[in-house]
Amino acid sequence: MSAIAETLSIRTTVLWRRGAARRLLYGTETDRGAKARARVKLAILAFVAVYAVIAVRLVAFGIASDRSAVHRVIVGDAIATARPDILDRNGEVLATDVRVPSLYAEPRRLIDIDEAVELLTADLPDLDATELRERLSSKRGFVWLKRDISPEQQREIYRQGLPGIGFLNENKRTYPNGPEVSHLIGHVDIDNQGIAGMEKWLDGHGLAALHMAGLATDRLQNPVELAVDLRVQHALRDELVNARAKYKALAAAGLVLDVNTGEIVAMVSEPDYDPNNPREALDPSRINRLTTGVYEMGSTFKAFTIAMALDSGKVTLKSSFDARMPLRFGRFDIHDFHAQNRVLTIPEIFTYSSNIGAARAALAVGVDAHKAFLKKMGQLDRLRTELPESAEPIVPKRWGELNTITIAFGHGLSVEPLQAVMGVAALMNGGILIPPTFLKRTPQEAAALGQRVIKPETSEMMRYLMRLNVEKGTAEKAEVPGYYIGGKTGTADKVINGRYSKTKVLTDFMAVLPADKPRYLLLVMLDDPQPLPETHGFTTSGWNAVPVGGAVVARIAPLLGIEPRLDLPNADQQILASVKESR
Amino acid sequence: MTLRILNLVVIGFLVLAAAYVYRIKFDSTVQAERVAKLRSEVRHERDRIAALRAEWGQLDNPARIQALAKRYLALKTIEPTQFDTFDALPDRPTPPPGADSPDPIGGVIENMVEPGTTGSIPTPAPASAAAAPVTAGNNPPPKPAAAGAPGQ
């Protein structure tokens with residue numbers, strides 16, 4: 001180095017500088033030996049530095065190489081996002097991910113497009129040749145050719161050894177039970193994103209964020225357990241499919257709710273669809289009538305009216321109302337379907353399903369109190385559950401006496417059937433309103449969520465009325481010996497083009513079982529059932545929804561673990577006696 | 001001289017250390033590759049389990065089972081009257097004397113009050129004594145009071 005400096009620096013200033021540098025390094029008294037030692041030291045220092053750098057890099061490589069080995073395996077599959085399994089309350093699989101190969105191409109690496117198109121269309125006949133050619137001719141680095149091919153097709157294409165054609169394993173959502181749980185569970189789109197039902201709820205609860213971060217590629221460990229019981233769901237659906245065919249109804253829907261926890265154990269809305277083929281869900285006749293539709297529930301609403309009257313204290317079971325004449329209000333006449341033309345007591349109003357009696361009972365409590373009561377029962381606000389689908393109830397804007405009269409027997413207020421079930425469950429379970437859920441819930445959690453809406457004695461009296469209605473009322477055909485069913489029927493005239501139809505009805509039936517110690521509430525709903533010879537031309541609920549409800553109870557009660565108790569006394573002794581004792 | 005020996009020793013150590021480090025490194029690479037391979041195998045197994053579970057779910061679907069049962073079995077829906085509670089079960093009958101001996105059947109026969117009172121055809125006394133063990137062995141141990149009547 002100094003030699004180069006010497007040759008370059010001729011001028012005296014440079015020479016002087018060199019002398020100064022030398023004086024700094026070696027001091028003024030320098031000899032050649034000291035100079036040599038200093039140079040050796042410098043060389044050692046340089047080499048140590050170089051080796052230190054090499055050593056550090058080696059350690060760094062040593063640490064990094066481990067991770068690259070792991071990564072190497074994951075490349076090649078898993079790009080579509082994984083979803084957790086969905087199980088029913090007994091651990092049966094409702095939805096799971098299965099790996100399926102998908103075919104892709106890297107057009108830039110293709111050699112002969114014509115050959116590729118020819119060979120691929122030979123193996124995959126449903127692939128459109130012109131579209132395929134277009135895709136392969138594009139300048140993009142990556143194009144999907146076909147998602148979800150069979151293993152045989154994969155083997156065939158692999159054997160052709162086309163360059164630039166490859167496979168990726170993707171997660172595909174499968175629903176082994178087909179249409180059984182369709183509306184409840186919803187479905188996913190081609191990229192495994194939930195777009196309906198509980199699948200969408202899953203995405204809204206953390207899964208979407210995981211997808212964004214690219215973390216949800218491997219199989220997720222924790223399955224989601226729903227409250228639904230697949231066996232009960234199947235029994236309900238089977239009976240409803242039969243009923244819909246028998247009564248030639250437009251639609252049939254049913255729901256089973258645990259009245260003590262608010263868990264929805266089964267929910268069926270027929271016609272439904274197969275979530276494996278989500279295109280079917282687009283058909284508007286296949287909507288979920290229990291949560292996306294609002295209906296006038298008919299006489300089932302009398303349960304609310306009578307409960308309100310009893311709970312207010314102004315009316316007792318002994319009270320009676322005049323039902324001798326149709327109730328005249330302005331230009332409207334309110335008639336009874338099962339007209340008795342006499343003074344009716346509260347139990348008679350309930351069992352004969354008297355519109356006049358219910359209307360008079362509601363008027364006795366008052367318009368404002370009626371509105372406040374229904375608000376308290378959650379019938380006037382939109383009900384939110386885990387399902388993304390929900391509908392707002394149609395509440396009259398100006399709520400006058402006429403509205404109270406009609407709403408007292410279930411016309412003039414349209415609610416989601418699920419909402420009505422929630423309210424009736426509160427009337428049955430001792431007076432606690434519990435928001436319904438599709439997820440598992442313990443009685444403790446339910447107790448924390450529940451709100452007292454009516455007195456326990458009122459609930460007891462309502463159960464008595466429900467049971468009485470099956471023993472000697474409109475719901476006689478629902479009786480299944482041993483299960484002590486209580487129930488209320490409802491028949492609502494359908495609104496066609498803004499007018500009440502004379503012939504088309506919506507019938508429903510709510511059954512509580514067992515009526516003395518309620519555990520489950522069942523709803524059966526038929527849209528536009530047709531008269532049959534064996535129904536003697538009637539289309540009211542007692543002739544169609546009620547026998548279906550009885551058939552459903554006979555099938556699901558053993559599955560729900562309800563022990564049949566034969567030889568139970570009638571409602572007066574079994575339920576009403578305990579009410580009197582507690583007073 | 002000592003310095004040279006020291007140098008040689010140090011060089012020897014260096015070679016040994018290098019060899020040792022190389023072995024560790026090599027082993028760890030092998031292990032890492034095994035881990036990666038096992039991991040991918042676990043993934044494949046999990047995927048196969050999921051596929052099998054999906055298939056099981058399909059085969060176990062209540063609608064399918066119902067269709068099969070309807071076609072091949074003469075079973076009917078259960079009636080509420082077919083249920084009973086454990087409380088309604090009658091008490092277990094008291095075992096006949098001698099049933100707790102090591103040879104229960106022999107014990108019962110020996111303790112029988114009258115060996116001939118089975119449901120068998122009555123025969124003269126000596127022959128019945130010889131036939132009794134056979135009949136008693138085939139039938140459940142008879143209660144002396146209940147058994148004799150229909151046969152005689």
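Two residues are in contact if their C-beta atoms, placed from the backbone, lie within 7 Å. Helices (H or I, at least four residues) and strands (E, at least two) are DSSP runs, numbered from the N terminus. This is a predicted model, in which local features need pLDDT of at least 70 and side-chain atom pairs count only at pLDDT 80 or more, while totals for chains, interfaces and linings use all residues. Residues are numbered from 1 along each chain as its sequence is written, and chains are lettered from A and ligands numbered from 1 in the order in which they are written.

**Exercise 1.** Determine which residues of helix α13 of chain A are buried, and what covers them.

*Solution.* Step one is the criterion: a residue is buried if 20 or more other C-beta atoms lie within 10 Å of its own, exposed if 12 or fewer, and partly exposed in between. In α13(A), which spans residues 367–376, the buried residues are His370(A), Phe373(A) and Leu374(A). Step two is their direction: they lie on the same side of α13(A), because they cover an arc of only 95° around the axis. This arc is that of the directions from the helix axis to the C-beta atoms. Step three is the cover, which includes α10 (302–312), α12 (355–365) and α14 (401–408) of chain A. Step four is the face turned away from the buried side, where the exposed residues Asp368(A) and Lys375(A) are found. Just after the helix, Gly378(A) has a positive phi of about 75°.

**Exercise 2.** Describe how strands β16 and β17 of chain A are joined.

*Solution.* Two strands pair if DSSP finds at least two bridges between them. Here β16(A) (residues 486–496) and β17(A) run antiparallel and are joined by 10 bridges. Within this pairing, Val495(A) stands opposite Tyr500(A) of β17(A). The two strands form a hairpin with two residues between them, and Asn497(A) in the turn takes a positive phi of about 50°.

**Exercise 3.** Are Asp528(A) and His536(A) buried, partly exposed or exposed?

*Solution.* Begin with Asp528(A), which lies in the loop between β18 and α18 (545–559) of chain A. Its phi is near 55°, a positive value in a residue other than glycine. Asp528(A) counts as partly exposed because it has 18 C-beta neighbours inside 10 Å. Next, His536(A) is found in the loop between β18 and α18 of chain A. His536(A) has a positive phi of about 55° although it is not a glycine. With 8 C-beta neighbours inside 10 Å, His536(A) counts as exposed.

**Exercise 4.** How many residues of chain B are in contact with chain A, and which element gives the largest share?

*Solution.* In chain B, 23 residues are in contact with 28 residues of chain A. On the side of chain B that touches chain A, the elements giving two or more residues are α1 (2–59) and α2 (62–72) of chain B. The largest share, 13 residues, comes from α1(B).
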